[in-house]
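Q: I have this structure open and would like to talk it through with you. Can we start with how its parts sit together?

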Amino acid sequence: MARWLLAFMALAWAVAGGPAAAEEKIHVVATFSILADLAKNVGGDRIEVTPLVGADGDVHAYTPSPADAKRLADANVVVLNGLGLEGWMERLVKASGTKAAMAVASTGVKPRQMDEDDGRPHTDPHAWQSVANAKIYVANIRDALVKADPSAKSTYETNASSYLSRLDAMDKEITQSLAAIPAERRKIITTHDAFGYFGAAYRVQFIAPQGVSTETEVSARDVARIIRQIKTQKIPAVFMENISDPRLMERIAKESGAKLGGKVYSDALSPTGGPAATYIDMMRNNLREFLGAFKTS
Ligand code: ZN
């Protein structure tokens, strides 16, 4: 057969939706990097995941771009946290006209309600900081992918089940390492109140000058209160978060005499190659930092 004819047939095959089209990946958009990693672990090579808020980004205070609307429009599945975290999402979804399936990862999590200074109850959105909750997220993501792409059901189920066992191991590691620390020493200061679910799950008390959103203002009174608390309760260390301005914590450490701990990851992963480029690495990094503060002070 003439070579041009073969080439023509190959082209016609591809255009008509031959093997190339069958390999087309499922497009998943996740609102932020942590959800993108969970989705990647469930979807594997079958999906392509794009986070809207990337590494070291602040998902509370985010302004979506026109490119984000385009990403949503092209998506098959959108994974979002819910619990009021992505206040900017509803408008973006409308503007994009997307037909994607919406998977709210936190569905079924028991929300933590906070009373903040304004006297109104606030839902704490940071449920992923407890590994037991992350397992609920993974199950929800798995179910959404199976629904959107039933032909790959067994792939999603196998991936999810092996990832869930890794999460189980991580959960045990955190519980066991912290159990060795006397309860009265398990106190940590962070910039914003992002570790409430971690604290409830692993019995660590977290105190933050800023509320559950990075958008709340920190008053001089809040800072003074924290400094007093550090001194009277002998709190060993204050931590910087990857998404927050380090200056507030530097000041609190200096004025209270507490040690300035390393960087912890609350609402975003580190870039690839950093210490918290996956959810599991993030939890391990934070655990190591917290343990270091408890042990050496
Ligand atoms: Zn946060």
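Q: How many residues of domain 1 and domain 2 are in contact?
A: In this predicted model, 39 residues of domain 1 are in contact with 33 residues of domain 2. The domain assignment places domain 1 at 24-171 and domain 2 at 176-296, and their C-alpha centres lie 24 Å apart.

Q: And what area do domain 1 and domain 2 bury between them?
A: The two domains bury about 2800 Å² between them, with 57% of it on carbon and sulfur atoms. On the domain 1 side, D56, Q129 and M170 lose the most area to domain 2, and together they make up 26% of what that side buries.

Q: What is the count of salt bridges between domain 1 and domain 2?
A: That count is 0.

Q: Switching to the metal, which protein donors does the zinc ion have?
A: The zinc ion has H60, H126 and H192, each through NE2, and D267 through OD, lying 1.8 to 2.0 Å from it. Along the chain these donors follow the spacing H-x65-H-x65-H-x74-D.

Q: Are H126 and D267 buried or exposed?
A: H126 counts as buried because its relative accessibility is 0%, and D267 likewise counts as buried at 0%.

Q: Why is the arrangement around the zinc ion called tetrahedral?
A: Because the 4 donor atoms subtend angles of 95 to 120 degrees around the zinc ion. For four tetrahedral donors, the ideal angle at a metal is 109.5 degrees.

Definitions and conventions: Residues are numbered from 1 along each chain as its sequence is written. This is a predicted model: local features need pLDDT of at least 70, side-chain atom pairs count only at pLDDT 80 or more; totals for chains, interfaces and linings use all residues. Side-chain values use heavy atoms; hydrogens and water are left out. Donors are N, O and S atoms within 2.8 Å of the metal (3.2 Å for Na, K and Ca); water is not among the atoms, so sites may look incomplete. Four donors count as tetrahedral if all angles lie between 85 and 135 degrees; four count as square planar and six as octahedral if opposite donors are over 155 degrees apart and all others between 65 and 115; anything else is irregular. Buried means under 20% relative accessible area, exposed over 50%, partly exposed in between (1.4 Å probe, protein chains only). Domain bounds come from an automatic or database domain assignment. Contact means heavy atoms within 4.5 Å. Buried area is the accessible area (1.4 Å probe) that two parts lose on being put together, summed over both. A salt bridge is a side-chain nitrogen of Lys or Arg within 4 Å of a carboxyl oxygen of Asp or Glu.
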